[in-house]
Each structure stands twice: as structure tokens, then as C-alpha cells.
Amino acid sequence: MLASCCAVITAIDAGSVSAESVELPVNELAPEITTAANEAVAALDAYRVSGSVEDERTLAWHRAITARYTAQQLGYDELAMVDAWSSAPIGHQRAVLGALTQVGVPYRTNTSIENEGFDCSGLTTYAWAGAGVDLYRQSGSQISESTKLSKEDAKAGDLVHYSGHIMLYLGVDDAIVHSVQTGRTVEIDTLRRTSVTFGDPSA
């Protein structure tokens, strides 16, 4: 079911493999997802300023396209993803869409720089900063300062945590976006642990 790590390109030469000759694993639909997410972020930010019906419709269009690509990446129900995002609070939507603009960006320890690199808490910090919420730059602190939720009550954009790692929930089943470890990128993925904590950092 997991489609997040599509391919690792082998070295061109048969000799030793260098960092430059190997591409990091990236979601297959990363280009489509990031393009759609950037358009959705721009539409959401415009709508937050104007509040106009026209801007709301533009947001709904681009948000739905992003949700559909994201669901396709995981083999999930597209309409369920669209509904989960449209029903989430606007700040949660901004956090999700902001994170998805960074799919394919490399993992980098102690980093939270747009289009350059993120560790796990760096990505969640970046995503929620776009929604106007400042998070502590440490995964344990982020979840401890959030309002705890059951999985059934968690919304797209809420935090998902297990010891040493934090992610953003995508609102459907076990779908998440995260920056997991060195040698990987910001990825759309599925939870692989059952013992996790959900939290709303905006509450």
C-alpha cells in the first residue's frame, strides 16, 4: 500500500557511490502534489485576507486537487481526503498545505528551511508557522503543549507523535506527512505504529 519511496537511482558508474550520484527517495507524485499545494496555499492566503466568495471557490478547487493527488499517492479514497481537508479549520488546512509544498525536500538535522531541508519538528514548525502558530522546536515539547486528541477526533493538520518523532496527520486512516530521517525526504506516508499520540497545537 505504501507508495512513498518510489525509487533510489543507482550510481551512474560501477565504482563507489557518492552522495551526488544517488537521488533520495521521493513520492512518485511529488511534482504534482507540490505544484497543487503551492497554488492552494496562495489561494488560502488570499482568501484569509479577502474573505470573498470567489477566493473561497479558488481555494476549494486547488485544495481538492492537492487532496486528490495526495490520496492517489497512498491509494486512498480521493473524496474522503477532499472531505477531510475541507472540513478542517482553516489553520489546519494551512498547516497541511504548507507541509505538502515541501514534499521531496531532503531531511536535514536541526533544520527548518523552506525548499532546503527539515527534520521532523522542523517540518511541523514550518507548517504551523504558516497558520500563525509558533511551536517549540522539539517534538516532545510540541506534543506536550498540544491538546490531546483521540484518533477519531483528530483532524487534518493535527500532530501525530511517538517517542522521538513528530508528523502531521492528513485526516484519513493512517495518512501522514513527515520528514523522518537522514537519507529520506519530506514524504507522504502511512503510520507504521499503533501507539501514537494525536494533538491539536492550535487549541
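These notebook entries record what I looked up on one helix pair and on the salt bridges of a predicted model.

**Entry 1. Helix 4 and helix 5**

I began with helix 4, residues 90-100, and helix 5, residues 120-129. Their axes come within 7 Å and cross at roughly 130°. Helix 4 is therefore oblique to helix 5, since angles count as roughly antiparallel over 145 degrees and as roughly perpendicular from 65 to 115. I noted the hand of this crossing as right-handed.

I then listed the residues in contact. Helix 4 contributes Gly-91, His-92, Arg-94, Ala-95, Gly-98 and Ala-99. On the side of helix 5, the residues are Leu-123, Tyr-126, Ala-127 and Trp-128. By class, the contact between the two helices has six nonpolar, three polar and one charged residue.

**Entry 2. Salt bridges across the structure**

I searched the whole structure for salt bridges and found ten.

**Entry 3. Glu-78 and Arg-68**

The side chains of Glu-78 and Arg-68 form a salt bridge, with N to O at 2.9 Å. Glu-78 belongs to helix 3 (residues 78-86) and Arg-68 to helix 2 (residues 53-74), so this pair ties together parts that are ten residues apart in sequence. I checked the accessibility of both partners. Glu-78 is partly exposed, at a relative accessible area of 23%. Arg-68 also counts as partly exposed, at 38%.

**Entry 4. Asp-200 and Lys-155**

Next I examined the salt bridge between the side chains of Asp-200 and Lys-155, where the N to O distance is 3.6 Å. Asp-200 is located in strand 8 (residues 197-200), whereas Lys-155 sits in the loop between strand 3 (147-149) and strand 4 (159-162), so the pair ties together parts that are 45 residues apart in sequence. I recorded Asp-200 as buried, with 8% relative accessibility. Lys-155 is partly exposed, its relative accessible area being 26%.

My last pair was Glu-187 with Arg-184, a salt bridge whose closest N and O atoms are 2.7 Å apart. Glu-187 has a relative accessibility of 0% and counts as buried.

Technical notes. Residues numbered from 1 in each chain as written. Predicted model: local features only at pLDDT ≥ 70, side-chain atom pairs only at ≥ 80, totals over all residues. Heavy atoms only, no water. Axes fitted to C-alpha atoms, helices over the stretch in contact; angles between N-to-C directions. Helix = DSSP H or I, 4+ residues; strand = E, 2+ residues; numbered from the N terminus. Parallel < 35°, antiparallel > 145°, perpendicular 65-115°, else oblique. Left-handed = near helix turned anticlockwise from the far one by under 90°. Contact = heavy atoms within 4.5 Å. Nonpolar A, V, L, I, M, F, W, Y, C, P; charged D, E, K, R; others polar. Salt bridge = Lys/Arg side-chain N within 4 Å of Asp/Glu carboxyl O. Buried < 20%, exposed > 50% of the residue type's maximum accessible area, 1.4 Å probe, protein only.
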